[in-house]
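Biologist: Before we look at any details, could you show me the model, and then take me through how its features are to be read?

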Amino acid sequence: MSALFFGHYCYGVGTNVSARVLEVLNGRLHPKCINQTYVTVIPKVKAPQSPKDFRPISLENVIYKLVSKVLVDCLKEVLPPVIHESQIAFFLAWMIINTAITAFEHFYHMKKKRQNEGNDNMCLKLDMSKVYHRVEWDHLEKVILRMGFDGSWVNLVMNCISSVSYSILVTRQPVEFFSPLRGLHQRDPLSPYLFPMCTEGLSALIIDLAARGELHGTRASKSALVVTHLSLRMIVCYF
């Protein structure tokens, strides 16, 4: 059923939905039974002529989304203190365009400095646009535990991630379900919060290099802070 159904008939089904969500959150029910997702395609243009004119979308179970959003509400309160400021683009109070502007300001400064002073600087850009699908679950679990999160909470989050199964809709009929072995679901409310936690391991390594003087970073002006890396849909490292 769609979210509109649950919203319209909340007085009739609300109690049962709340009970099922609480069962999952309290560990009495494994999220696998509600974590089934249909995958279909919708046209990007009015008159599609080829496969490139369609884009895939995933249709998650509404009850699972409620479980995921409850976990998000708990996570977003404690996430900013444990995530380095270089990943501030992932926070609600910060627009991703601000981080992009900061990156371009440093690009401009490095270019002008090289022209005026002849210093050799280097900037490395790592594209992360497809990295959601390559996140290893074991790595994510180890990083979250290393951050100090409670084991039972981590176990619940990992159960939500690893229990997902997909079915392709062919002529509006689902085929056999299959399960992935890695990756984060981009439409899952949890994914935007788990992804910066996963990349925090790389961020910590860069910070360690800077502390040992092996990576110097750059600054846009004499009074500005030294920036070693920035994260948005890519990681920009300054040497």
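**Reading a predicted model**

Modeller: Let me begin with contacts, which count when heavy atoms lie within 4.5 Å: among contacts in the protein between residues at least 6 apart in sequence, 65% join residues at least 24 apart. This is a predicted model, in which local features need pLDDT of at least 70 and side-chain atom pairs count only at pLDDT 80 or more, while totals for chains, interfaces and linings use all residues. Residues are numbered from 1 along each chain as its sequence is written, and side-chain values use heavy atoms, with hydrogens and water left out.

Biologist: How many helices and strands are there in the protein?

Modeller: Helices (H or I, at least four residues) and strands (E, at least two) are DSSP runs, numbered from the N terminus. Here there are seven helices and seven strands, and from the N terminus on they run α-α-β-β-α-α-β-α-α-β-β-α-β-β.

Biologist: In what order do the four strands of the open sheet stand?

Modeller: Two strands pair if DSSP finds at least two bridges between them. In this open sheet the order is β2-β1-β4-β5, with mixed pairing, and its edge strands, each pairing on one side only, are β2 (54–59) and β5 (173–174). Strand β4 (residues 165–170) runs antiparallel to β5 and is joined to it by two bridges; Val 170 stands opposite Gln 173 in β5.

Biologist: Is Ser 167 buried or exposed?

Modeller: Buried means under 20% relative accessible area, exposed over 50%, and partly exposed in between (1.4 Å probe, protein chains only). Ser 167, which has its place in strand β4, is buried because its relative accessible area is 0%. Leaving aside residues up to four places away in sequence, Ser 167 touches Thr 37, Tyr 38, Val 39, Pro 174, Val 175, Glu 176 and Phe 177. The side chain of Ser 167 also reaches the backbone oxygen of Val 175 at 2.5 Å.

Biologist: Which side chain of opposite charge is nearest to Asp 188?

Modeller: For charge, Lys and Arg count as positive and Asp and Glu as negative, whereas His and the chain ends are not counted; a salt bridge is a side-chain nitrogen of Lys or Arg within 4 Å of a carboxyl oxygen of Asp or Glu. Asp 188, in the loop between β5 and α7 (191–211), is buried yet has no salt bridge, and the nearest side chain of opposite charge, Lys 65, is 8.4 Å away.

Biologist: With which side chain does the side chain of Asp 188 make a polar contact?

Modeller: A polar contact is a pair of N or O atoms within 3.5 Å; within protein, one must be able to donate a hydrogen and the other to accept it, and residues adjacent in sequence count only if both atoms are side-chain atoms. The partner here is the side chain of Tyr 64, at 2.6 Å.
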